[in-house]
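Sequence and model first, then my notes.

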Amino acid sequence: MTDQVLAIDDLQVEFRTEEGVVKAVDGVGYALGKGEVLAVLGESGSGKTVHARAIMRILDSPPAFITNGTVRLGDIELLTLDEDDMREVRGSRVAMLFQDPHTALDPVFTVGDQLMELLRERRKMSRGQAREESLALLQRVGIPDARDRLDAFPHQLSGGIAQRVMVAMAVALEPEVLLADEPTSSLDVTVQAQVLELLGSLVAETEMSMVLITHNLAVAVGLAQRIAVMYAGRIVELGPARDVYTTPKHPYTAGLLRSIPDIQVREERLPGIAGSPPNLLKLPTGCAFSPRCPLADDRCRTEVPAFFAVGPDRWSACFHPDEVQR
Amino acid sequence: MSSHRPTSYLEGISAVDDAPSAAAATLWTDVWRKMRRDKRFWVAAALITMFALMAIAPFLFFTKDPQACPIVDFAQRPSRQHWFGTDILGCDYYTRVIYGARTSFKVGLVVASVTIAIALTLGSSAGYYAGKTDMIASRIADILFSVPTLLGAILVLTLFHGGGALIIGLVIAFFGWPDMFRLVRSTVISGKSRGYVRAARTMGSPGRTILRRHVLPNGIAPVLVFAAYVIGGAVGAEAGLTFLGVGLRLPAISWGLQLAVADTRFPELAYLMVYPSLFLCLMIGAFILLGESLRDALDVKLEPND
């Protein structure tokens with residue numbers, strides 16, 4: 001990798017609840033290159049959102065605590081930064097995009113107010129400058145009639161336009177890294193494609209890097225150069241998007257791929273992954289996926305697999321990577 | 001038909017999806033629209049405007065000097081000369097009752113502004129910063145909450161031998177603010193878990209800004225409704241305290257004082273009781289009506305959930 005923007009190592013986050021301690025993120029690590037899009041793929045509860053909030057350090061403590069790990073952004077370590085410095089980093093160096101734009105916009109202020117607040121506070125712009133810049137940002141994210149939209153309230157916007165506004169806010173301070181947390185999951189399918197296309201073009205134009213958090217494999221393959229698959233708080237497979245898609249090296253990834261319907265094949269019932277996602281309070285011993293895994297043997301049930309290199313730039317946390325069938 | 005294939009799956013889909021472009025309808029224009037159709041609001045507004053005029057410019061309503069009391073005219077029944085009659089000192093009762101609005105209004109405004117100021121600062125810090133700040137503020141509120149407002153006010157005012165409208169207002173507010181504090185605190189607690197608060201945090205907004213710009217504007221509605229009730233309550237409390245002899249004293253002019261005097265001459269001079277009670281009820285009622293109309297228009301729930 002040429003230029004490394006973000007490097008995460010052994011990140012651990014636990015939730016201390018009344019029922020016990022839950023390791024929501026358990027040793028996540030990856031490096032993100034300049035201008036790269038890395039998709040973090042996983043189902044609900046896999047820790048993908050928590051890991052992003054840990055990078056931003058916006059987890060609610062209690063109950064969530066970052067217990068270990070390093071997050072290096074360029075030459076600074078985010079996890080040990082004091083709160084004031086971290087606040088400077090948020091928005092200007094790492095920004096985040098949320099799943100539901102309508103809850104992420106404040107209902108009592110216009111779109112323009114919210115963009116201008118950001119620019120005036122962080123860029124020290126005057127009212128006039130901030131308004132001009134806000135307008136330019138809205139135009140840049142492809143909002144038609146941008147001038148009118150400045151004075152619109154969030155509830156007057158459709159989901160797609162509202163998410164474009166959120167994108168405009170996220171890129172307003174030209175961050176190096178954008179953490180997009182399920183940015184299209186709350187949108188209509190046609191609008192999803194437009195927002196993804198917008199994100200793709202922004203990355204291409206600006207050398208911004210992006211961590212795309214999603215549970216949608218098609219979205220991941222469509223936009224990302226590499227895919228990290230998360231399961232029960234760990235990354236279980238990491239590799240170039242196309243390779244992971246064509247030749248998965250972890251049985252969980254393979255299971256996900258098999259559960260995508262194929263338009264060419266008539267099937268009565270779509271194959272799923274047997275069993276249900278693990279209860280993080282009572283993780284099985286050994287590999288967390290072993291109770292659902294067709295390849296599991298005694299070793300899998302007693303020993304946690306390390307993250308093995310299984311090919312060029314390919315990693316898998318499985319003892320049997322070569323037996324995995326697509 | 002034959003060779004036309006979309007080059008992109010996006011072709012033909014305009015970037016404008018079903019964006020509604022109706023005229024701007026903000027929370028407050030919406031509230032105004034609802035209140036405009038509410039009879040209660042207009043009744044309350046008319047009464048409050050009238051009382052406010054009485055308080056600011058009482059001379060608009062009478063031509064007599066409220067302190068000019070020829071003793072020979074004492075205890076005259078209502079007549080063309082004296083619309084509400086005269087009191088036992090010979091003062092024109094209509095003039096005195098009108099003049100009483102100023103005291104009640106003053107107390108109501110002092111109590112409301114002090115209560116809002118304390119409740120907003122302490123309540124929002126306690127709710128937003130939680131932890132120790134919350135612990136300390138909430139315990140202070142709990143202690144004062146455990147003292148009934150009127151009882152506490154009677155105690156303090158007795159110790160200080162009464163006081164002017166300002167002092168009485170401050171004392172009532174001192175014992176009364178915990179109610180609104182709890183309301184603000186719980187509103188802030190529920191408001192800070194909203195998506196836009198989290199979003200503002202990820203954009204690097206400092207806590208102060210988030211509280212001022214996002215949490216409070218979204219949670220101010222129930223506070224305003226409650227403030228209307230606070231004014232009504234304060235007006236009643238002042239009259240009650242004064243009636244009991246621990247509030248205002250002569251030569252001040254207050255409905256409570258008038259009622260206290262009327263009480264000694266009831267029932268033979270019943271009209272002395274009627275006019276101040278009527279005005280008192282109308283003023284308290286006006287603020288309660290305003291509060292109810294505002295509450296329904298804003299659709300807020302006033303029960304704090306803790």
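What does helix α8 (residues 207-243) of chain B span between its end C-alpha atoms? I get only 47 Å, while a straight helix of 37 residues would span 54 Å at 1.5 Å a residue. (The expected span is 1.5 Å times one less than the number of residues.)

Before going on, I note that this is a predicted model, where local features need pLDDT of at least 70, side-chain atom pairs count only at pLDDT 80 or more, and totals for chains, interfaces and linings use all residues. Residues are numbered from 1 along each chain as its sequence is written, and chains are lettered from A and ligands numbered from 1 in the order in which they are written.

**Entry: the bend.** I looked along α8(B) and found a bend of about 50° at Leu216(B), with a proline, Pro217(B), following within four residues. (The bend is the angle between axes fitted to the seven residues ending at a residue and the seven starting there.) After α8(B) comes Gly245(B), with a positive phi near 95°.

**Entry: surroundings.** (Buried means 20 or more other C-beta atoms within 10 Å of a residue's own, exposed 12 or fewer, partly exposed in between, with C-beta atoms placed from the backbone.)

**Entry: a partner.** I checked helix α3 (residues 93-129) of chain B, which packs with α8(B) at about 145°, their axes 8 Å apart. (Axes are lines fitted to C-alpha atoms, for helices over the stretch in contact, and angles run from 0 to 180 degrees between N-to-C directions.) The contact includes Val107(B) and Val111(B) of α3(B), and Val223(B) and Ala227(B) of α8(B). (Contact means C-beta atoms, placed from the backbone, within 7 Å.) By class, I have 15 nonpolar, five polar and one charged residues there. (Ala, Val, Leu, Ile, Met, Phe, Trp, Tyr, Cys and Pro count as nonpolar, Asp, Glu, Lys and Arg as charged, the others, Gly among them, as polar.)

**Entry: the whole chain.** I find 10 helices and zero strands in chain B. (Both are DSSP runs, numbered from the N terminus: helices are H or I, at least four residues, and strands E, at least two.) Of its 306 residues, 43% are buried.

**Entry: over to chain A.** I picked Leu223(A), in helix α9 (residues 217-223). Leu223(A) counts as buried because 20 other C-beta atoms lie within 10 Å. Leaving aside neighbours within four places in sequence, its contacts include Val37(A), Leu196(A) and Leu212(A).

Definitions and conventions: Contact = placed C-beta atoms within 7 Å.
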